Amino acid sequence: MTALQEWQEETREIISSLIDDGSNPDVEYTIEHHFSGQDFARLEKAALDCFKAEYDVTDAEELTLEDGQVILCFDAVTEGPLNEAAIMVHIEQLLKIAEKYGVEYDGWGTYFEE
């Protein structure tokens, strides 16, 4: 299974869980795509590319992992429907940015909507 297929499966699961829990499938969602890395310069370049691709980009934050390792992370945020095909277009685009700069694309998330 390719990375893209894995993200598609995970996307399907996230959407199904939200819908099964009663989230409204017909509203616009705030979708946050997560990036992380240890090199601030690389992460900053990835954030700039995300901004140029018309995502809202959060400030980089430090995160301490369970093993004590410190990483930097930011989110590329967009608004849109809870639609697998639309989200997969974003994931494909953002995976290319992550690969280009040697940072990690850590998936996406959103919030329950009434």
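## Ser-36 and its surroundings

Let's start with Ser-36, a residue of strand S1. In this predicted model, Ser-36 touches Leu-43, Ile-71, Leu-72, Cys-73, Val-103, Glu-104 and Asp-106, leaving out residues up to four places away in sequence.

Is Ser-36 buried or exposed? Its relative accessible area is 7%, and since buried means under 20%, Ser-36 counts as buried.

Strand S1 covers residues 29-37, and His-33 is part of it. Here the relative accessible area is 0%, so His-33 is buried.

Which residues does His-33 touch, not counting those up to four places away in sequence? The list runs through Tyr-55, Phe-74, Asp-75, Ala-76, Thr-78, Ile-87, His-90, Ile-91, Leu-94, Tyr-105, Gly-107 and Trp-108. With Tyr-105 there is also a polar contact between side chains, at 2.7 Å.

You will find Tyr-55 in the loop between H2 and strand S2, the latter spanning 56-57. Although in a loop, Tyr-55 is buried, with a relative accessible area of 2%.

Setting aside neighbours within four places in sequence, Tyr-55 is in contact with His-33, Cys-50, Ala-76, Val-77, Thr-78, His-90, Gln-93 and Leu-94. A polar contact of 2.6 Å links the side chain of Tyr-55 to that of His-90.

For a sense of spacing, take Tyr-55 and Asp-39: they sit 16 residues apart in sequence, and their C-alpha atoms are 21 Å apart in space.

## Arg-42 on helix H2

Helix H2 takes in residues 40-52, including Arg-42. How accessible is Arg-42? Its relative accessibility is 42%, so Arg-42 counts as partly exposed.

Beyond its neighbours within four places in sequence, Arg-42 is in contact with Tyr-101, Gly-102 and Val-103. Val-103 is 61 residues from Arg-42 in sequence, yet the C-alpha atoms of the two are 7.0 Å apart.

## The whole chain

Now let's step back. How many helices and strands does the protein chain have? There are three helices and five strands, and reading from the N terminus they follow the order α-β-α-β-β-β-α-β.

The C-alpha atoms fill a box of roughly 40 × 30 × 30 Å along the principal axes. A compact globule of 114 residues would have a radius of gyration near 13 Å, so the 14 Å of this chain agrees with that expectation. Of the contacts between residues at least 6 apart in sequence, 75% join residues at least 24 apart.

## Surface and charge

Of the 114 residues in the protein chain, 36% are buried; His-33, for instance, is buried. The chain exposes about 7,000 Å², with carbon and sulfur atoms supplying 47% of that area.

What about charge? The protein chain carries 6 positive and 28 negative charges. The mean positions of these two groups lie 15 Å apart.

Note on methods. Residues numbered from 1 in each chain as written. Predicted model: local features only at pLDDT ≥ 70, side-chain atom pairs only at ≥ 80, totals over all residues. Heavy atoms only, no water. Helix = DSSP H or I, 4+ residues; strand = E, 2+ residues; numbered from the N terminus. Rg over C-alpha atoms; globule rule 2.2 N^0.38 Å. Buried < 20%, exposed > 50% of the residue type's maximum accessible area, 1.4 Å probe, protein only. Contact = heavy atoms within 4.5 Å. Areas by Shrake-Rupley, 256 points an atom, 1.4 Å probe, with all protein chains shown as cover. Lys, Arg positive; Asp, Glu negative; His and termini not counted. Charge placed at Lys NZ, Arg CZ, Asp CG, Glu CD. Polar contact = N/O pair within 3.5 Å; in protein donor to acceptor, adjacent residues only side chain to side chain.
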